[in-house]
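Good morning, colleagues. Please look at the display.

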Amino acid sequence: MKPNSLLRTDLHVVNVGLRSFADGIRAAGGSVVHVEWRPPAGGDAELATIIDRLRSDDDAGWREPVASANAAAVGRLLAAEPRVIGIARADAVIPGMAADTVLHAGPPIEWGDMCGPMRGAVIGGLLYEGLVNSPEDAAELAASGRIRFAPCHEHQAVGPMAGIITASMPVWIVENAAFGNRSFATLNEGLGKVLRYGAYSEEVIARLVWMRDVLAPLLTKALRKHGPLDLRSLLAQALQMGDEGHNRNRAATSLFIRELAPHLVRLAARRDDVARVFEFLNGNDHFTLNLSMPAAKCALDAAAETPGSSLVTVMARNGTEFGIRLAGTGARWFTAPAPKVEGLYFPGYGPDDAAPDIGDSAITETGGYGGFAMAAAPAIVQFVGGSPAKALETTRRMARITMAESPIYRIPALGFRGTPTGIDVLRVVETGILPAINTGIAHKEPGVGMIGAGLVTPPFDCFAQAARALAETLQAPEAQP
Amino acid sequence: MRRLLVQRGRYFDSVFLLRISRTLEEVPGVSRAVVAMGTPANMESLVRVGFNAQQGITPNDLVIGLEAKSEDAARVAEAKLAQMLASGGEHSESSEELTSTLGDALAVDAEANLALISVPGAYAAAEARRALRRGLHVMLFSDNVSVEDEISLKDEAARRGLLMMGPDCGTAIVNGVPLGFANVVRRGPIGIVGASGTGIQEITSLIDRAGGGVSHALGTGGRDLSKSVGGKSMLAAIDALTADPETRIVIVVSKTPAPEVAELVLKRLAAARKPAVVQFVGSPPAPPRGSIVFAETLADAARRALELTGLGTASLSNGAEAHFPAYHGSLRGLFCGGTLAQEAWSILRRRGIDIRSNVANDTAHKVKAGAKVDGHVVWDLGDDAFTVGRPHPMIEPGLRDNKVLQAVGDPSVGVVLVDCVLGHGAHADPAGSLARAVGRAADVGPADRRPAVVASVTGTDRDPQSYRDQRRTLEDAGICVAESNAEAAEWCAATLIARGSEKAARGAGT
């Protein structure tokens with residue numbers, strides 16, 4: 001294009017900076033696209049240079065091998081076919097799980113660094129296993145070094161809030177039919193005083209025992225009659241019924257009950273037990289959160305370990321730190337202090353009562369729903385500080401840091417566009433746009449439970465570290481003689 | 001009480017934030033309000049004015065420094081802030097595509113062919129380079145770009161056959177579309193290349209008001225005609241206008257260029273074989289050279305171009321000398337437009353007035369911005385020294401109007417000379433703001449010693465502010481309005497000279 005060609009063609013302007021200039025062009029009938037510019041890489045000049053170097057010559061995409069690696073990784077993420085195939089004891093199915101193992105949410109953490117709710121949940125887990133008889137003994141055992149703590153994520157599992165999984169807990173087995181890999185999660189206990197919020201009183205343990213002895217066996221049998229349950233289809237329908245798969249699971253839970261009901265009532269079981277199962281499911285709007293989470297986990301695990309890819313495969317919090325992992329850097333965690341959640345509190349509670357952000361449930365956003373599908377869930381927009389319009393904007397903003405749109409999960413209010421899927425760490429760093437994560441808020445003291453819900457903005461630093469590490473893996477082969 | 005608030009990850013453009021700062025400072029009891037992004041430079045200046053530093057603030061964080069007389073005042077300011085930020089944040093219409101990088105924008109409009117870049121200087125060169133790499137022409141409004149970056153950007157543009165306007169390019173009109181600070185002018189046969197934003201605005205406005213029209217007005221940035229940059233953009237723009245069939249006459253406007261660069265430009269113009277008018281603001285007029293004539297002023301450049309198109313030029317002067325009483329006292333020029341200030345200063349100098357300025361091009365009359373000056377002086381208030389931490393007075397005339405208020409109330413001042421620049425990007429009502437300042441001063445100062453205020457208005461009737469309305473506002477406030485900046489300066493010169501001769505006559509009589 002020669003300078004004089006500019007003078008002969010219609011002007012199409014990209015306005016980078018002052019918004020008033022775009023208004024002037026528009027007023028004159030000119031064509032203009034306004035860029036909501038921010039300093040690249042959060043204002044870190046060195047990081048901005050790293051990102052620039054990864055841009056292709058014409059700046060239109062990432063250089064090889066990043067471009068191909070991302071296409072492969074997000075392709076596997078979108079092709080996943082998660083389905084529930086059954087329920088089993090954790091130590092029977094979760095790889096590397098033993099009697100002394102306690103899995104927890106988020107990146108690795110030891111007892112000494114755990115926040116209140118997570119400690120409470122560990123205590124409850126040890127009581128539940130019968131390894132100790134009192135909370136004091138449980139704390140002593142936890143601190144003794146005889147318990148092996150490990151992240152759920154390092155064992156193909158995910159756990160909401162504290163995310164504690166112990167050996168004898170029943171867990172969902174979710175299988176990715178497209179690639180054969182599996183993921184696991186416990187059964188959701190409901191709201192109020194529950195283990196995942198750090199409660200460990202007798203009623204909490206009693207409920208867990210009932211879930212193990214009554215709920216899990218009945219659901220197992222019903223599921224066997226039903227056959228594998230397609231979670232992709234369940235979530236796709238729920239997203240069109242006002243769920244986003246993280247903070248609202250009401251539609252999915254209803255669909256789940258409807259699907260399994262005939263099989264449950266046909267079981268040769270005590271009528272009262274079956275009735276209590278229905279009551280429990282009906283009383284727990286978040287029951288299928290523990291299915292939408294492992295659904296995302298097994299889809300993302302299929303894309304993990306893709307050298308060169310900037311796909312984020314894990315976002316998880318342990319109440320002390322926020323951590324992420326990338327497809328291109330495998331098992332490495334990139335962590336930063338866990339942020340506070342901004343949100344609405346139940347009456348009587350406020351920000352001073354809140355524990356920092358906690359739980360593996362951000363796997364839903366990592367997998368392309370949850371906060372990324374906010375536009376699908378106008379009923380819960382107050383939690384994230386806004387209006388239905390703001391919810392639409394959140395989903396559209398997430399499209400700026402993701403690699404693809406889901407062909408399965410679609411949003412009516414956005415003209416049935418697919419949810420933004422596959423977070424690109426390089427885009428996060430380049431644009432400074434951080435993933436929008438919906439979440440519950442736990443009380444900072446163990447045993448109190450959920451005190452609100454809201455939106456959490458992950459620390460930029462995790463993404464900056466991850467982008468740097470990815471760039472290093474790309475340079476390493478050249479540096480070798 | 002001082003308070004520093006931080007809102008993480010909220011980026012707003014600087015003009016918007018400066019407007020907020022100004023509004024907060026109007027809250028009773030608030031003595032200082034600084035609303036800025038957390039860049040190292042901004043954090044330094046906050047610390048300098050007494051706020052405590054905080055760790056870990058990034059340029060993506062919004063920082064608010066509040067200094068208030070009471071807790072209540074601070075609370076009112078905070079509520080006001082939240083309200084304004086919310087309305088600014090919701091600015092984007094839901095139908096508008098959201099984009100955060102140039103690449104995103106190109107995905108929305110694959111036909112994009114020009115990037116208008118106005119990001120902070122530290123990021124500007126990188127953004128411009130990205131745009132050139134994607135095959136876009138660039139208008140770089142940002143300043144504070146190094147000469148090295150300017151040269152490499154212009155070389156890269158030349159290699160790719162692209163036009164690089166700027167850095168520090170304030171004004172352009174391409175295919176009738178105003179870019180940056182620009183006026184709404186009729187299309188026509190006159191093409192303009194300017195190294196000066198307000199110079200382009202004055203010429204295009206005068207052409208329009210006289211019934212003429214503009215094909216394109218291309219900017220180069222203020223440093224283009226320096227020895228080191230060598231007129232790279234100017235030459236490319238002249239080539240573009242030469243090849244453009246719509247352009248029949250070419251006007252070149254710049255502050256006085258480096259002599260060797262001036263020569264290059266004149267050679268290229270001569271080769272263009274189109275009639276050309278050159279106005280080097282601050283240079284003495286020169287005899288014609290082939291197809292090139294040299295204008296005396298910006299208005300003269302417009303006049304000569306209009307004559308070449310066969311249009312009348314009566315509107316360029318109102319013919320009459322100004323009838324404003326000449327009081328004893330000095331002249332105070334208070335300008336928003338840099339080139340307008342320089343033109344006014346050089347006209348007054350040319351008429352023999354001993355006048356100083358921060359834009360004077362001789363060391364004898366050059367003074368530092370804001371220095372105390374007895375006697376006649378012209379200030380370019382867009383000078384960085386005046387605008388630290390504040391918007392440019394063309395966007396937000398508060399700075400200039402305060403100085404007008406002071407000058408009108410100052411018994412040592414006899415004439416106040418001002419400009420009033422309209423168009424896209426400029427303040428919504430600069431004349432109203434100016435008229436209010438003059439009115440307030442009139443309430444305070446003694447009526448018999450009030451200085452005359454002389455103005456010109458740069459703009460057209462189709463500008464968002466409307467030339468006609470703005471002019472009437474000034475006239476209603478008792479301000480003498482000339483047809484051009486040059487005419488306003490000539491009026492002042494004539495008055496000062498007449499007064500000088502009266503003085504001399506009186507002196508001879510006694």
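**The interface between the chains**

In this predicted model, 47 residues of chain A are in contact with 56 residues of chain B, contact meaning that the C-beta atoms, placed from the backbone, lie within 7 Å. On the side of chain A that touches chain B, the elements giving two or more residues include helix H1 (3-8), strand S1 (12-16), helix H2 (19-27) and strand S2 (31-35) of chain A. The largest share of that side, six residues, is provided by H2(A). By residue class, that side of chain A holds 22 nonpolar, 14 polar and 11 charged residues; here Ala, Val, Leu, Ile, Met, Phe, Trp, Tyr, Cys and Pro count as nonpolar, Asp, Glu, Lys and Arg as charged, and the others, Gly among them, as polar.

A word on conventions. Residues are numbered from 1 along each chain as its sequence is written, and chains are lettered from A and ligands numbered from 1 in the order in which they are written. Local features need pLDDT of at least 70, side-chain atom pairs count only at pLDDT 80 or more, and totals for chains, interfaces and linings use all residues. Helices (H or I, at least four residues) and strands (E, at least two) are DSSP runs, numbered from the N terminus.

Strands also pair between the chains: S1(A) joins strand S4 (residues 114-117) of chain B in the parallel sense, over four bridges. Pairing requires that DSSP finds at least two bridges between two strands. Val13(A) has Leu114(B) as its bridge partner in S4(B).

Next, the sheet in chain A. Its four strands form an open sheet in the order S7-S6-S3-S8, with antiparallel pairing. Strand S7 (182-186) and strand S8 (229-230) of chain A are the edge strands, each pairing on one side only. Between strand S3 (residues 82-89) and strand S6 (residues 170-176) of chain A there are seven bridges, and Ile87(A) has Trp172(A) as its bridge partner in S6(A).

Finally, helix H10 (residues 298-309) of chain B. Is this helix enclosed or exposed? Nine of the 12 residues of H10(B) are buried, so the helix is largely enclosed by the rest of the structure. A residue is buried if 20 or more other C-beta atoms lie within 10 Å of its own, exposed if 12 or fewer, and partly exposed in between, with C-beta atoms placed from the backbone. Among the buried residues are Asp300(B), Arg303(B) and Arg304(B). Just after H10(B), Gly310(B) adopts a positive phi of about 85°.

Terms used
Two residues are in contact if their C-beta atoms, placed from the backbone, lie within 7 Å.
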